[in-house]
Amino acid sequence: MRAIGIVGLVIMCFLISYLVPLKEAVSNDTKSCLRCHGISTLQKKLDSKEAISLFIDGKKFEKSVHGAMDCSSCHPGINLKNHPKPRKITGKKDYIKEFSPNCLNCHPKNALMKPAVHGEIVKKGEIYCSQCHNSHYMPSMKEWKNKVSFTEYCMSCHQFDISKTLPSKEKISLKVNEQEIKKSVHGKFQCLVCHDDFSKAKHPVYNFKDKKQYRTEMNKICTKCHTDKELQKNPAHYALSKTATCIECHGYHGVKPAKVAKAMPENQYCLSCHSRAISKKMKNGETLSVQVKESDILNSAHKKLKCTECHKEFSTTQHPIRAFESISDYRAKAKDICNNCHQDAVKRFDKSIHAEALKKGNQQSPECLKCHDYHKVGFITKDKKASSDLCIKCHGDSGKAFKDSVHQQAIDQGKQNAPSCASCHNSHDVLPTNIAKLGDSCAKCHKDVKTSHNKWLWNPPVRLTSFVDAHFNSASCASCHTKVEKAILLTLVDRAKGKPIKEDEVAKALNIDAKAIKGKIDQNGDGKVQEQELWQFMSSMKSKTNANLAGRIDVLNPNDAHKIEPKNKSIKDCAYCHNPNASFKTKLEINKEGDKAVKFEVDSKAVNSAYAIPNIKDFYVLGLTKIKILDILFFIALLGGIAFPIGHITLRILTAPIRRKKREGK
Amino acid sequence: MKKVYLHPLPIRIWHWINAIGFVILILTGAQIRFVDSMRLMSFETAVDIHSWLGFILLANYFIWLLYYLFTGKLFKIYIPPFWKPIEFIKRSIRQAKYYGYGIMVGDKNPHHPTPESKFNPMQQISYLMIMALLIPIQIITGLILWDPQLFASLAKLFGGIQIVSLIHTGLWIFFSAFIIVHFYLATLGHTPMAHIKAMFTGYEEEHEEH
């Protein structure tokens, strides 16, 4: 059917062709072609379903620079007698690509490469000759150049998908959407208004290193009209213009009027600048990114909040310019923002060891942002691992120690009541471990801890929980529930007040600098507090205060307290502690305000010395801290007790003759 | 031979419970203290026995106290005649001389026990100290050590658990020596078994003057 159709069409063309008037200027060869190709409805359907018109307007062709040429000049091998059978053409672009090399027959490549920009296009092969120059109706380039508008001239190439690859391997699209320009505030501008280094005759080539340099250079175009002076009228915008390029916010060609933005929803208004890679300079030279990702907010716990609910001093009309010393100064002040709603959390945080460390200038210590991030503020998660991982990021050693614990096992098994770090240490009021009462934290989950211990930990004949308390008060949970090295910790306290004597109070009492305390205690500087040194220190403290040493049993290395063993592996043997042979180390602990206590290793013999009686009044562990001299006294008394009867009997035996004589004398 | 009824039944019961209790308390006390070198029993067993016996002897103390309070003999037997101090001192010296010298040369014991005056001046002063002071103190310090939390305020009164423990251990040392000497002195009757027998029967035999 298709073949019959084509044959019929050819015959028709012939008949009609005689009726079509043809100009004399075109060659006979052309005339014969136009008999068919002069019919305006002649078209061909391609495999890509595109329709390609096969109509050639003879009049227009005649006026073109190629008007006097035979069709076969460009379409070699085709004439009326030898018209190829219907060709397979997959698509328009393929056809153009296939046909374009024919142009090179007359226009040698080296001639086309001469104008640098044209050469670049030819080399790249992104667009083909006919796309710019047309296929049949190409005017004389000279005439065209003179006639077309600047914009039309530029767009003749820049309407296409042309691009430029920079040395940084970044690619810049050079395609310009003319419609976008028309809709923009610069809609009436010709290209050359901005790009004044270009003209129909001049097309400079710039070699930018990367996009950043390109954007920065482009700024110069904008500032020709939008001068520094003008920009200074809006200080926020002016500050911004010093850290970001115009293009980043305003785009390339579709520059929108700034006033439109104010009608936007507030968050969108802020994000119209802050969604871009903009940054702020601190006084110390640090650069802080002030870019905000909308997705971060939308996925955060604060997704329903407007920007100004946190950033109260900002609005669509107000944008104060603030100055910060450093990023850490900025982050510390961010706490005030959180405090607007989370007063309770901030109050508790202010008591924490983290807040204290920050005050002392420890840059590593976290403020709100380090854990909660800027705009990503997460929801409170039930994922114990995720919340613990946050702490472990800094407290890696603790994380490692915790890994082997029964609690980690519970987390791994997905148990609902498994503890995270915050279960024991709290989330905001994280206190130094020596004052955090971590034993209470255990009891928060292990509620029946007293009665369960009382099942076996009691003294007959009455089962009293106070006996359990006596142990809880003087030994940490970890003392029995871990299998690590243990220690006797002697804390310097004011016995009358029942409170620790802190480092600064020691310094004050001894009238020395806090740094000199170590030397005052460890006088021979051997790194260990000898018995005599300890009692000397205590005696000088006691002359000024009610100093005494409170004692407790705990793990030697505080971090080991994380290694809690399963119940069946915990220590139940009383003689583990109640034993003079228990190899516990002894440490002297002096508390510090809001910080970890200072610890000194003490000669373990000290707790067994008679001097311990007046100096460690309220701590006594049967066996472990027994006063050794009493053992010697015991043996002397025993010997004395035995010696008396032996001596007396001996004397009675020796004096037996006297008594005999006396009796006989009677 | 004259027989004097010196030890009424409640006192004999009290004495022997106390005697066995004391020995076992001293031994378990030693086991608790020397857990590293003594292997009589485990620490836990020693503590259990020590605690049980402590309470038994506490109750036992009241047998003694209530008996002598109700019979009204406490004052007569245990309180030295402080209104005649010179005479008491003289008698004490005489008694000491007897044990140190007279007994060797065959002198008579200057003290003749009667139900109203069981003890010689040296016994009187030591038993008063032991019964009225040392045993109550040992019981109280023992109670504190039995549950330091329950008796925390009492411990504070003593000046801290360390001092409580010091007193309890000190008295343990004293009683250990005392028990040995006490046993020896018990053999110094007219026959070595005389006083011991009396503590079972209640009757002390006394040689009459010929």
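This is a predicted model: local features need pLDDT of at least 70, side-chain atom pairs count only at pLDDT 80 or more; totals for chains, interfaces and linings use all residues.

Reader: How is the packing of two helices described?

Author: Two packed helices are described by the angle between their axes and the distance between the axes. Axes are lines fitted to C-alpha atoms, for helices over the stretch in contact, and angles run from 0 to 180 degrees between N-to-C directions. In chain B, α2 (residues 43-71) and α5 pack at about 145 degrees, with axes 11 Å apart.

Reader: Which residues make the contact between α2(B) and α5(B)?

Author: Two residues are in contact if their C-beta atoms, placed from the backbone, lie within 7 Å. Here α2(B) contributes Ser51(B), Gly54(B), Leu58(B) and Tyr61(B), and α5(B) contributes Ile135(B), Ile139(B), Gly142(B) and Trp146(B). Ala, Val, Leu, Ile, Met, Phe, Trp, Tyr, Cys and Pro count as nonpolar, Asp, Glu, Lys and Arg as charged, and the others, Gly among them, as polar. On that basis the residues of this contact divide into five nonpolar, three polar and no charged.

Reader: How many residues does each chain give to the contact between chains A and B?

Author: Chain A gives 42 residues and chain B gives 35 residues. On the side of chain A, the elements giving two or more residues are α30 (465-474), α35 (612-615), α36 (628-654) and α37 (656-665). The largest share, 12 residues, belongs to α36(A). That side of chain A holds 24 nonpolar, 10 polar and eight charged residues.

Reader: Which residues touch the most other members of the largest nonpolar core?

Author: In soluble globular proteins, nonpolar side chains tend to be buried together. A residue is buried if 20 or more other C-beta atoms lie within 10 Å of its own, exposed if 12 or fewer, and partly exposed in between. A nonpolar core is a set of buried Ala, Val, Leu, Ile, Met, Phe, Trp, Tyr and Cys residues joined through C-beta atoms within 7 Å. The largest core has 42 residues, and Ile488(A), Leu490(A), Leu492(A), Leu534(A), Leu588(A) and Val602(A) touch the most other members. Elements of both chains give two or more residues to this core, among them β7 (486-494) of chain A and α5 (121-146) of chain B. Its largest share, six residues, comes from β7(A). A second, separate core of six residues includes Cys574(A), Ile32(B), Phe43(B) and Ala46(B).

Reader: Into which domains is chain A divided?

Author: Domain bounds come from an automatic or database domain assignment. Chain A is divided into domain 1 (2-147), domain 2 (449-626) and domain 3 (630-665). The centres of domain 1 and domain 2 of chain A, taken over C-alpha atoms, are 101 Å apart.

Reader: Why is Ala422(A) classed as partly exposed?

Author: Ala422(A) is partly exposed because 16 other C-beta atoms lie within 10 Å. Ala422(A) belongs to helix α27 (residues 421-425) of chain A.

Methods:
Residues are numbered from 1 along each chain as its sequence is written. Chains are lettered from A and ligands numbered from 1 in the order in which they are written. Helices (H or I, at least four residues) and strands (E, at least two) are DSSP runs, numbered from the N terminus.
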